[in-house]
Amino acid sequence: MKLTLKIWRQANATAQGAMHTYDIDGVSGDMSFLEMLDVLNEDLIAKGEEPVAFDSDCREGICGTCGLMINGQAHGPEVTTTCQLHMRSFKDGDEIVIEPWRSDAFPVIKDLCVDRGAFDRIIQAGGYISVNTGSAPEAHSVPVPRDDAMRAFNVATCIGCGACVAACPNGSASLFMGAKVTHLGELPQGQPERDNRVVNMVAQHDAEGFGGCTNIGECTAACPKEIPLDVISRLNWDLHAAMRHGL
C-alpha cells in the first residue's frame, strides 16, 4: 500500500510548526498506525533526516500515551486508540493528515508530542481517596451493590488519553473529570472527600485553560473506552451538591 502522509512538524514548544509531506510505500494492512510511523522514521533516519516525534508506550490500548489527530479525528476512523488502529482501515493511495492533539491545555512539545500534564494536575487536585482501604481481601469485605460496582468499574477504564479534549470544539475535559468523579463517587471509599474532590478538580480544570462543556457529545464519540456522556451529568450533580453544602 502506498500512502501520502501530511504530518505536523515542530522543532520545539516555541518554534513555528508546519505541515510536511512524505510518501511511504510497502505499508501492510496488518501494521498498526504506529508501526507505519516507525517505518517512516526508519526511512527518514536512513536519509539522515530528523525522525517524527510521537508518543507511545504500551501499544496495547491500555496506557493512553498515544494520541494523534488522524484526518481530523481523534485516534482516527475507528473507536480505538492510535496504537490499536491498523492500516487496513485505509486504502492504497490515501492521503492521511496527522496532527497532535489541539488544545491550549495540551501545548505541543515537539512534532506530534503534547504535554498532558494538565490531566495529572487535575488528578492531584482531587482524583484520589485518602482512606486506608487495607489489603485486597479487606477492601472486598466492604459491601458494594453490584450495579454501583459495575458502573465504577466501567468508567474506571478511562485511560486519560485526552481524545475527549481533542475532539471537543470547546476543548473541555469534562468527560475525563466525569469519569474520575463517577468512578470514586460510586464506591463507599470515595464518599469522605466527595464534595471537595469535585470542587477542586473543576477549579483545576478551569485554571489549566480547558473550555466549558456544552453537551455536544464529540468527547464520548471519540473516546476509545466508550465512556458514556452521562458521567458529565454526574459531575455537574456532584458539583451542585457540593455548592449546596457550602463549598
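Predicted model: local features only at pLDDT ≥ 70, side-chain atom pairs only at ≥ 80, totals over all residues.
## Helix α7

Helix α7 spans residues 194-207 and thus comprises 14 residues. From its first C-alpha to its last, α7 reaches 20 Å, a span close to the 20 Å expected at 1.5 Å a residue.

## The buried side of α7

The residues of α7 that count as buried are Arg-194, Arg-197, Val-198, Met-201, Val-202 and His-205. Because they cover an arc of only 115 degrees around the axis, these residues lie on the same side of α7. The elements that cover the buried residues of α7 include α2 (117-126), α6 (174-185) and α9 (230-244).

A search of the whole structure finds 0 disulfides. For Cys-63, the closest cysteine sulfur is that of Cys-58, and because the two sulfurs are 3.6 Å apart, they are too far from each other for a bond, the cut-off for a disulfide being a pair of cysteine sulfur atoms within 2.5 Å. Cys-63 is partly exposed, its relative accessible area being 30%.

Cys-223 is likewise in no disulfide, and the cysteine sulfur nearest to its own, that of Cys-161, is 6.3 Å away. With a relative accessibility of 8%, Cys-223 counts as buried, whereas Cys-63, at 30%, is partly exposed.

Note on methods
Residues numbered from 1 in each chain as written. Heavy atoms only, no water. Helix = DSSP H or I, 4+ residues; strand = E, 2+ residues; numbered from the N terminus. Expected span 1.5 Å × (residues − 1). Buried < 20%, exposed > 50% of the residue type's maximum accessible area, 1.4 Å probe, protein only. Arc of directions from axis to C-beta. Contact = heavy atoms within 4.5 Å.
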